[in-house]
Amino acid sequence: MQLQEILYSQGFGPRRVCLGLVEHGLVSVAGSRVDDPFAEFDPDELAFTVEGKPWTYHAKAYVILHKPAGYETSQKPSAWPSIYTLLPAPLRQRPNKGSTPGVQAIGRLDQDTTGLLVLSDDGVFIHRMSSPKHHVPKEYQVETADPVDERQVRRLLEGVVLVDDPKPVRAAACVQTGSHSLALTLTEGKYHQVKRMLAAVGNRVTGLHRSRIGRLELPRELRQGEWRWLSADELGMAADRGK
Ligand code: URA
């Protein structure tokens, strides 16, 4: 694959910009500057630098982000900065035949929710992970305004009816973790679902953190606002329906 095409596919800008980056000597492969935009390389896991910043070729992007509070999971946020501003420009610009450029978040977290977000530019993967039919479990650590009691836990497990939604929803798992906290696992993702479920049992969410998707736990070393590529193993774990 030509170097200029590799840069284009990874989101380093329009083709003429990628051509210019190489011609101006701003791209190095294996430590050596390459100034021929048409030089051919095997792209698979090719490591290169653009303006001194390292990048590794990925045919499709699958990344994990530790979302901090105070960011909206939206390309067009209304009041808070977008989570996409936490990602480097190439991840936001990757060309995507016929659809929005860049990686897309798989499922939304509210502005005040922290934790695990997976993003990708693989439409098939996004569709499968977002489909309610796929039932990927997502675990939330919930802090509440009022004490949690057994009755609330039982009702969350048995099913509660949300305002404006006649079909009851229930937690796949719910464990009290403290006087004012619980771990709740959901296999669907309705709007504000955790907050609405806690409201339905007479409590109120004061803190919400997503700690797991499928079998993929938020890595301890990933600090709030940080992102990294997902390995193939981790990708399989994120799509795992096992509870
Ligand atoms: N449920 C909510 O209420 N908010 C989130 O951010 C995620 C799940």
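Predicted model: local features only at pLDDT ≥ 70, side-chain atom pairs only at ≥ 80, totals over all residues.

Analyst: Gladly. Leaving aside neighbours within four places in sequence, D110 is in contact with K67, Y71, H192 and K195. D110 lies in the loop between β6 (104-105) and β7 (114-120).

User: Why is D110 called buried?

Analyst: The relative accessible area of D110 is 18%. Buried means under 20%, so D110 is buried.

User: What makes the link between D110 and K195 a polar contact?

Analyst: The side chains of D110 and K195 are joined at 2.9 Å. The cut-off for such a pair of N or O atoms is 3.5 Å, so this one counts as a polar contact.

User: How far is D110 from R170?

Analyst: C-alpha to C-alpha, D110 and R170 are 20 Å apart in space, and 60 residues separate them in sequence.

User: Now the rings. Why is the pair of F12 and F48 called edge-to-face?

Analyst: The structure holds six aromatic pairs. In the pair of F12 and F48, the ring centres are 6.0 Å apart and the planes stand at 65°. Centres must lie within 6.5 Å to pair, and planes over 60 degrees apart count as edge-to-face, so F12 and F48 form an edge-to-face pair. The pair links distant parts of the chain, as F12 is in the loop between α1 (3-9) and α2 (15-23) while F48 is in strand β3 (residues 47-50).

User: Are F12 and F48 buried or exposed?

Analyst: F12 has 16% relative accessibility and F48 has 2%. With buried meaning under 20%, F12 counts as buried, and F48 is buried too.

User: How do you know that W227 is partly exposed?

Analyst: W227 has 23% relative accessibility. One aromatic cluster is formed by F12, F48, W55, W227 and W229.

User: What makes R15 count as sitting over the ring of Y8?

Analyst: The charged end of R15 is 3.9 Å from the centre of the Y8 ring. The distance limit is 6 Å, and the charge must also be within 35 degrees of the ring normal. R15 is listed as sitting over the ring of Y8.

User: How do you know that the buried residues of α4 line one face?

Analyst: Helix α4 (residues 123-130) has F125, I126 and M129 as its buried residues. Seen down the axis, they fall within an arc of 100°, so they line one face of the helix. V124 and H127 are exposed on the other side of α4. Among the elements that cover the buried residues are β5 (62-67), β7 and α7 (232-238). At the start of α4, a side-chain oxygen of D122 comes within 3.1 Å of the backbone nitrogen of V124.

User: Why does T185 count as buried?

Analyst: T185, in strand β12 (residues 181-186), has 5% relative accessibility. The cut-off is under 20%, so T185 counts as buried. Beyond neighbours within four places in sequence, its contacts include P137, A172 and R212.

User: Which residues touch the most other members of the largest nonpolar core?

Analyst: They are L7, F48, L119, V142, L184 and V194, in a core of 49 residues. A second, separate core of 17 residues includes V118, I126, V136 and L216.

Key: Residues numbered from 1 in each chain as written. Heavy atoms only, no water. Core = buried A, V, L, I, M, F, W, Y, C linked by side-chain atoms within 4.5 Å. Buried < 20%, exposed > 50% of the residue type's maximum accessible area, 1.4 Å probe, protein only. Helix = DSSP H or I, 4+ residues; strand = E, 2+ residues; numbered from the N terminus. Contact = heavy atoms within 4.5 Å. Polar contact = N/O pair within 3.5 Å; in protein donor to acceptor, adjacent residues only side chain to side chain. Phe/Tyr/Trp six-rings, centres within 6.5 Å; stacked < 30°, edge-to-face > 60°. Arc of directions from axis to C-beta.
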